[in-house]
Amino acid sequence: MEFATELSENPLWIADTGVFIAAGRQENSKFTALARFAKRHDATFVIPHRVYDELSGAPDRSTPSELPIDTAIDAGWVRIADPLDYTNPAVATVMDNVRGYIARASNRNEDTIEKADTALAGVAAQLLETGEAGYIYLVTTDIDAGKGAVNAVGNAGYNGQIEVVDGFELLDAITS
């Protein structure tokens, strides 16, 4: 898998729900490969609270300690982002702009856009705004959300500091 830029030193990785759903349970080769990828690149995938909420809705037959996302958090290769600061104009604007971008790209009403999709961009803006990140790889299975995030974060003054990584392509590349 090639990235638009060389892997920068200590970039932050933000991942969406679809990546973890596609990776499957702990026994799945894609889940194991994602864990190895994170370790090899000394990367921690940051997920918004909304993504964690989506992933932690365990089926009746599971217990919370069996959830793949909790296993990844316990192992240290995933962490939940700090709560979004909606009073930060950059965060709020980026989230609004992503919602509009996704709605236009997918011909949907803005009110139907998943809040987790806008939260990905909000976390990216917040991490860049606070200086915690200088570069972000946004790993997503939703191309419209990814393109919208790059556009909105770039327009907020962080052009060239965020790159979309197709989650399906990443999983295929690291398991082949």
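Visitor: Where in the protein is the place of V98?

Guide: Happy to walk you through it. V98 is in helix α5. Please bear in mind that this is a predicted model, where local features need pLDDT of at least 70, side-chain atom pairs count only at pLDDT 80 or more, and totals for chains, interfaces and linings use all residues. Residues are numbered from 1 along each chain as its sequence is written, and side-chain values use heavy atoms, with hydrogens and water left out.

Let's begin with V98 itself. Its relative accessibility is 0%, so V98 counts as buried (under 20% relative accessible area, with exposed meaning over 50% and partly exposed in between, for a 1.4 Å probe and protein chains only). Setting aside residues up to four places away in sequence, V98 touches D117, T118, A121, G148, A149 and A152, where contact means heavy atoms within 4.5 Å. V150 is 52 residues away from V98 in sequence, yet their C-alpha atoms are 8.8 Å apart in space.

Now step back to the helices around this spot. Helix α5 spans residues 89-106, and its axis comes within 8 Å of the axis of α6, crossing at roughly 145 degrees. These axes are lines fitted to C-alpha atoms, for helices over the stretch in contact, and the angles run from 0 to 180 degrees between N-to-C directions. The α5 and α6 crossing is right-handed. On the α5 side, the contact is made by A90, V91, V94, M95, V98, R99 and I102, while α6 brings D117, T118, A119, A121, G122, A125, Q126 and E129. Sorted by class, this contact has nine nonpolar, three polar and three charged residues (Ala, Val, Leu, Ile, Met, Phe, Trp, Tyr, Cys and Pro count as nonpolar, Asp, Glu, Lys and Arg as charged, and the others, Gly among them, as polar).

Next comes the pairing of α6 with α7. The axis of α6 comes within 9 Å of that of helix α7 (residues 143-158), and the two cross at roughly 30 degrees. The two helices are therefore roughly parallel to each other, a label for angles under 35 degrees, with over 145 counting as roughly antiparallel, 65 to 115 as roughly perpendicular and the rest as oblique. By class, that gives eight nonpolar, no polar and two charged residues.

The largest nonpolar core has 58 residues, of which I14, F20, L34, F45 and W77 touch the most other members. Helix α6 (residues 115-130) supplies the largest share of this core, nine residues. Such a core is a set of buried Ala, Val, Leu, Ile, Met, Phe, Trp, Tyr and Cys residues joined through side-chain atoms within 4.5 Å.

N107 sits in the loop between α5 and α6, and with 73% relative accessibility N107 counts as exposed. Although N107 is not a glycine, it has a positive phi of about 55 degrees. In the loop between α6 and β4 (136-140) you will find E132, which is partly exposed, with a relative accessible area of 40%. E132 touches L12, R79 and L127, leaving out residues up to four places away in sequence. L12 is 120 residues from E132 in sequence, but 8.5 Å away in space, C-alpha to C-alpha.

Finally, the wider setting. The protein has eight helices and five strands; these are DSSP runs numbered from the N terminus, helices being H or I of at least four residues and strands E of at least two. Of its 176 residues, 48% count as buried. Among contacts with a separation of 6 or more, 76% join residues 24 or more positions apart.

Technical notes: A crossing is left-handed if the near helix is turned anticlockwise from the far one by less than a right angle, and right-handed if clockwise.
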